[in-house]
Amino acid sequence: MQDVAEFINGIYKLGVNFHPDSNFADYIALDTHEQAFTDEACQVYDTALSRCFEVCEWAWNRVDLYEFCLLFDGNSYEQVLCYPEDGKWTLAFKDSKPFANSEDFDGMQTAYHELETI
């Protein structure tokens, strides 16, 4: 799940209006009106996204990837952590700047989300 969190965070860092159902070949650069990613990059990203769906559906994870992505609220963060706690997954965002529902923890703004299982 940590890899899934880092992948989704990385996609948001690219500045795209990400949705898990979209193929990466469908993303268009606003300035050039051309495909935003090379064909090779699209293949790598689409394969990684498929793997994210698989990992989320594993019996010991049971996390809805759509709900997971919504927690990012379209933003990227300096650090994301996803860890098991009391039989559920917790997703934590850490950043140097304040953001919604964050609190100061060790000099970093941090927000925690307990993930619902499916």
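**Note on charges, salt bridges and cysteines in a predicted model**

1. The protein chain carries 6 positive and 23 negative side chains, and the centres of the two sets lie 7 Å apart. Lys and Arg are counted as positive and Asp and Glu as negative, with His and the chain ends not counted; each charge is placed at NZ of Lys, CZ of Arg, CG of Asp or CD of Glu.

2. On the basis of the work: this is a predicted model, in which local features need pLDDT of at least 70 and side-chain atom pairs count only at pLDDT 80 or more, while totals for chains, interfaces and linings use all residues. Residues are numbered from 1 along each chain as its sequence is written, and side-chain values use heavy atoms, with hydrogens and water left out.

3. The protein chain contains three helices and four strands, in the order α-α-α-β-β-β-β from the N terminus. Helices (H or I, at least four residues) and strands (E, at least two) are DSSP runs, numbered from the N terminus. Taken along the principal axes, the box filled by the C-alpha atoms is roughly 45 × 35 × 15 Å.

4. Of the 118 residues in the protein chain, 36% are buried. Here buried means under 20% relative accessible area, exposed means over 50%, and partly exposed lies in between (1.4 Å probe, protein chains only). The accessible surface of the chain comes to about 7300 Å², and carbon and sulfur atoms account for 49% of that surface; the areas come from the Shrake-Rupley method with a 1.4 Å probe, and for residues only the protein chains shown count as cover.

5. Among contacts (heavy atoms within 4.5 Å) between residues at least 6 apart in sequence, 44% join residues at least 24 apart.

6. The whole structure has three salt bridges, a salt bridge being a side-chain nitrogen of Lys or Arg within 4 Å of a carboxyl oxygen of Asp or Glu. One of them joins R51 to E54, with 2.9 Å between the closest N and O atoms. Both residues belong to helix α2 (residues 39-57); because R51 and E54 are three residues apart there, about one helical turn separates them. R51 is partly exposed at 41% relative accessibility, and E54 is partly exposed at 39%.

7. K88 pairs with E114 in another salt bridge, and the closest N and O atoms are 3.5 Å apart. This pair links distant parts of the chain, since K88 lies in strand β2 (residues 88-95) and E114 in strand β4 (residues 108-114), 26 residues apart. K88 has 27% relative accessibility and counts as partly exposed, whereas E114 is exposed, with a relative accessible area of 51%.

8. A salt bridge also connects the side chains of D95 and K97, at 3.3 Å from N to O. D95 is buried, at 3% relative accessibility. K97 is partly exposed, at 47%.

9. C56 is buried at 1% relative accessibility, and C69 is buried at 3%.
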